Amino acid sequence: MATEQQALIPPLKLKWVAFGQVPAKSNHYSIRAPKKGMPFTIKTPELKDWEKNFAAQVTANAKNQQISNQVRITLRVWFRSQASDLDNAAKGILDGLQKASVIVNDNRVKELHMFKDVDPSRPRVEITVEELY
């Protein structure tokens, strides 16, 4: 239920497009076994590049607005091919929104709506983040 102050301030709604093929985050880690100690995982260069590019695009369009309340996020993802899994894209995008300071924490996502499309020449993700009271 919205407080009296929240009723006076309309909830934020941010929308933009980030270009590039969203990698399946679960497939872009390598396991390293050091000579001493426990094995660990590292991100592949492809995942690092995508995260950097995504954060730059989001930061440039988010207008320094960060949402700390719960949010509804709608993602329309255009992959290069039908073979890509939609659910594997979600984690990378949500982590990217958090790293770009659009949302305080991805645990604030109350609703997540995702749609899959294919565009071999222009892979991208259309993102809508709506603040919920």
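Which residues does Gln57 touch, not counting residues up to four places away in sequence? Gln57 touches Val17, Ala18 and Phe19. A touch, or contact, here means heavy atoms within 4.5 Å.

## Basis of the model

This is a predicted model: local features need pLDDT of at least 70, side-chain atom pairs count only at pLDDT 80 or more, and totals for chains, interfaces and linings use all residues. Residues are numbered from 1 along each chain as its sequence is written, and side-chain values use heavy atoms, with hydrogens and water left out.

## Overall layout

The chain has three helices and six strands. From the N terminus, the order is α-β-β-β-α-β-α-β-β. Helices (H or I, at least four residues) and strands (E, at least two) are DSSP runs, numbered from the N terminus.

The chain holds 133 residues, and 35% of them count as buried. Buried means under 20% relative accessible area, exposed means over 50%, and partly exposed lies in between (1.4 Å probe, protein chains only). Among contacts with a separation of 6 or more, 80% join residues 24 or more positions apart.

## Helix H2

Helix H2 covers residues 45-61. Trp50 and Phe54 both sit in H2, four residues apart, about one turn of the helix. An α-helix has 3.6 residues a turn, so residues three or four places apart point the same way. The chain has one aromatic pair. The ring centres of Trp50 and Phe54 are 4.8 Å apart and their planes lie at 20°, so this pair is stacked. For Phe, Tyr and Trp (its six-membered ring), rings pair if their centres lie within 6.5 Å; planes under 30 degrees apart are stacked, over 60 edge-to-face, and the rest tilted. Trp50 is buried at 9% relative accessible area. Phe54 is also buried, at 1%.

Gln57 lies in H2 and has a relative accessible area of 17%, so it counts as buried.

## Helix H3

Helix H3 runs over residues 86-99. Its 14 residues should span 20 Å at 1.5 Å a residue, and its end C-alpha atoms are 21 Å apart, which agrees. The expected span is 1.5 Å times one less than the number of residues. The buried residues of H3 are Ala89, Ala90, Gly92, Ile93, Leu94, Asp95, Gly96 and Leu97. Their cover includes strand E1 (13-19), helix H2, strand E4 (71-79), strand E5 (109-118) and strand E6 (124-131).

Lys99 is found in H3 and is exposed, with a relative accessible area of 52%. Leaving aside neighbours within four places in sequence, Lys99 is in contact with Lys43 and Glu51. Just after H3, Ser101 takes a positive phi of about 65°.

## The nonpolar core

In soluble globular proteins, nonpolar side chains tend to be buried together. A nonpolar core is a set of buried Ala, Val, Leu, Ile, Met, Phe, Trp, Tyr and Cys residues joined through side-chain atoms within 4.5 Å. The largest one here has 24 residues. Those with the most contacts inside it are Phe54, Ile93, Leu97, Val102, Val125, Ile127 and Val129. E1, H2, E4, H3 and E6 each give two or more residues to this core. E4 supplies the largest share, five residues.

Val129 shows the reach of these contacts. Beyond four places in sequence, its partners include Leu12, Leu14, Trp16, Ile67, Val71, Ile73, Leu97 and Val102. Val71 lies in strand E4 and is buried, at 1% relative accessibility. Not counting residues up to four places away, Val71 touches Ile103, Arg108, Val109, Lys110, Glu111, Val129, Glu130, Glu131 and Leu132.

## Charges over rings

Two arginines lie over aromatic faces. Arg76 is over the face of Phe115, 4.6 Å from the ring centre. Arg124 is over the face of Trp78, at 4.0 Å from the ring centre. The rule asks for NZ of Lys or CZ of Arg within 6 Å of the ring centre and within 35 degrees of the ring normal.
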